Amino acid sequence: MKPFQGKIILKKNRIESIEWIPGSVIIINDNTFAEFKNAWAYPGFVDCHGHVAALGSKLSELDLSKCRSAEECIEWSLLNPGFRGIWLTGRGWNEELWATQTFPDLNILDFYYPDIPVYLSRVDGHSAWVNSKALQLAGVDKFTQDPKGGMIIKDKSGNPTGVLIDNAMDLVKKNIPKYEKEQLSELILKACHNLASHGLTQVHEADLHPENVKVFIELDRENKLPIKIKSYLSSQKDEWKNYDYLPSTFNNFSICGLKFYADGALGSRGAAMFDKYNDSDTKGLLLIEPDELFQKAKIGLEKGFHIATHAIGDGANSMVLKTYSRLIKEGITNKDSILRLEHAQTIRTEDLKYLEHDNIITSIQPIHCLSDAPMAEKRLGDNCKYAYPWKSILNSGGRLAAGSDFPIESHNPFIGIDAFVRRIPFDRNDSWYPEERLSRIEALEAYCIAPHQIFDNDFQYSENLVDMTADLTILNNNLLVCNENDIAKTKAVATFINGKLIDN
Ligand SMILES: [Zn+2]
């Protein structure tokens, strides 16, 4: 595949012909003539792991990330209030950037918001700043004990200060009402348009609660979804079984698979490792036993679902790979079904063999490596050599499908390609374990070829683009030859889906 310029004639949702003309991309169909100067066209970019509604709420909520003091947070909240029911909610404050460098407290919130509950989460999502009204509704006071895995920060007299850490956040958060259907629709559409503006023609929704499926189906029926969404239903607690959904494709929306969790995350030391963490006496925890995963996946496969399992630690990845292998060995499925490892952040060398043997898809979010490297060094020490093993996966015959885990990380795919190619963490100047870097072609394949070939029966891919489904991403850059430093600065000029220009 190489980016192309020239005159592209479309017929319905297919590319009928291409005439190479250097300098620009011209797209012509029955009622469109669109010219993009100094641009290149690519098969539509796909993000294979994200959370659409969560991105919508991130884009819509009060954003405190630019505030430089508690007072500024209040000022900003008064100018840009964001409500869920009667609750004022927001996110993104970071006391490390403030002159005080200390946690805020509830007094200032109580002064401006005496009567409505306020819940503001910190930039990392691991603590929340709340007011007295919110604590009162949750029944949290000086006598409330810290929950397991959480802390209610208290002053000298034992009264809560208004900052809750980790699991203590849930004491208050559980009272915030869910989005109304109309609100949820708005958030989904906002997210989809933003995703399209970054050149994404398709995303995989990596954990969709079946309760919300109907909202997507309705938007799709009304032809409102601007991009294609493949969804994986929340299934750890068999949530999907309470609904009648089976694998199905609607218009732009489809239900493809079931999502499971084998372990937690590296930052909180919840990822299940073979060895103890470098900075703790623990090994993390499996969230599901191998046999349970086997049984749940078996039922899903028999109904025709793809199976996607979150696995971060090398222990969790090993367990999932062996479970998938057992499903094939016992004839419950074959190598043609879609078995995905989500994240696959650490894999021991001896387990890489399963990837090719059982045709396992690794769903990778390269940007995590750029954010996580300093933390990963603390947690893993020498075992970092097994971490974010992109080239090792390809060398062992595995297949990569790229994504970002938006909104936890940016959904800008060019930061992801830059991560694959240069692998320079955000706080560094040099490549981190450079032997795991990918070539530009390999990185592009993971974003705009493999996702179509692996997951998309309806998408016709073609090496020379003739006859290809006309999902196209037009960029201001040729990612194969541009200066390496410019990869992350690339901008999407336009996105076409089924031959139709998407306006953002
Ligand atoms: Zn995710």
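Helices and strands here are DSSP runs, a helix having at least four residues and a strand at least two, numbered from the N terminus. The views below come from a predicted model.

**View 1. Helix H13 and its two ends.** Helix H13 spans residues 413–422 and is mostly covered, with 10 of its 10 residues buried. Among them are Pro-413, Phe-414, Asp-418, Phe-420 and Arg-422. At the start of H13, the backbone nitrogen of Phe-414 has a side-chain oxygen of Asn-412 within 2.9 Å. Just after the helix, Arg-423 takes a positive phi of about 55°.

View 2. The charged end of Arg-423 sits over the ring of Trp-390, 4.5 Å from its centre. Trp-390 belongs to one aromatic cluster together with Tyr-42, Phe-45, Phe-414, Phe-420 and Tyr-447. Elsewhere, the charged end of Arg-340 sits over the ring of Tyr-232, at 4.6 Å from the ring centre.

View 3. Trp-93 and Phe-103 form another edge-to-face pair, 6.0 Å centre to centre with 80° between the planes. This pair links distant parts of the chain, 10 residues apart: Trp-93 lies in strand E9 (residues 87–93), and Phe-103 in the loop between E9 and helix H3 (106–112). Trp-93 is buried, at 0% relative accessibility, whereas Phe-103 is partly exposed, at 34%.

**View 4. The zinc site.** The protein donors of the zinc ion are His-49 (NE2), His-51 (NE2) and Asp-405 (OD), which lie 2.1 to 2.2 Å from the ion. Along the chain, these donors follow the spacing H-x1-H-x353-D. Both His-49 and His-51 are buried.

**View 5. An open antiparallel sheet.** The sheet has 4 strands in the order E5-E22-E23-E24, with antiparallel pairing. Strand E5 (40–43) and strand E24 (500–501) are the edge strands, each pairing on one side only. Inside the sheet order, strand E22 (residues 472–475) pairs with strand E23 (residues 492–497) over 4 bridges. Leu-475 stands opposite Ala-492 in E23.

**View 6. Helix H9.** Helix H9 (residues 314–329) has 16 residues and reaches 22 Å from its first C-alpha to its last, close to the 22 Å expected at 1.5 Å a residue. H9 is mostly covered, since 13 of its 16 residues are buried. After the helix comes Gly-331, with a positive phi near 75°.

Definitions and conventions
Residues numbered from 1 in each chain as written. Predicted model: local features only at pLDDT ≥ 70, side-chain atom pairs only at ≥ 80, totals over all residues. Heavy atoms only, no water. Pairing = 2+ DSSP bridges. Donors = N, O, S within 2.8 Å, 3.2 Å for Na, K, Ca; no water. Buried < 20%, exposed > 50% of the residue type's maximum accessible area, 1.4 Å probe, protein only. Polar contact = N/O pair within 3.5 Å; in protein donor to acceptor, adjacent residues only side chain to side chain. Expected span 1.5 Å × (residues − 1). Phe/Tyr/Trp six-rings, centres within 6.5 Å; stacked < 30°, edge-to-face > 60°. Lys NZ or Arg CZ within 6 Å of the ring centre and 35° of its normal.
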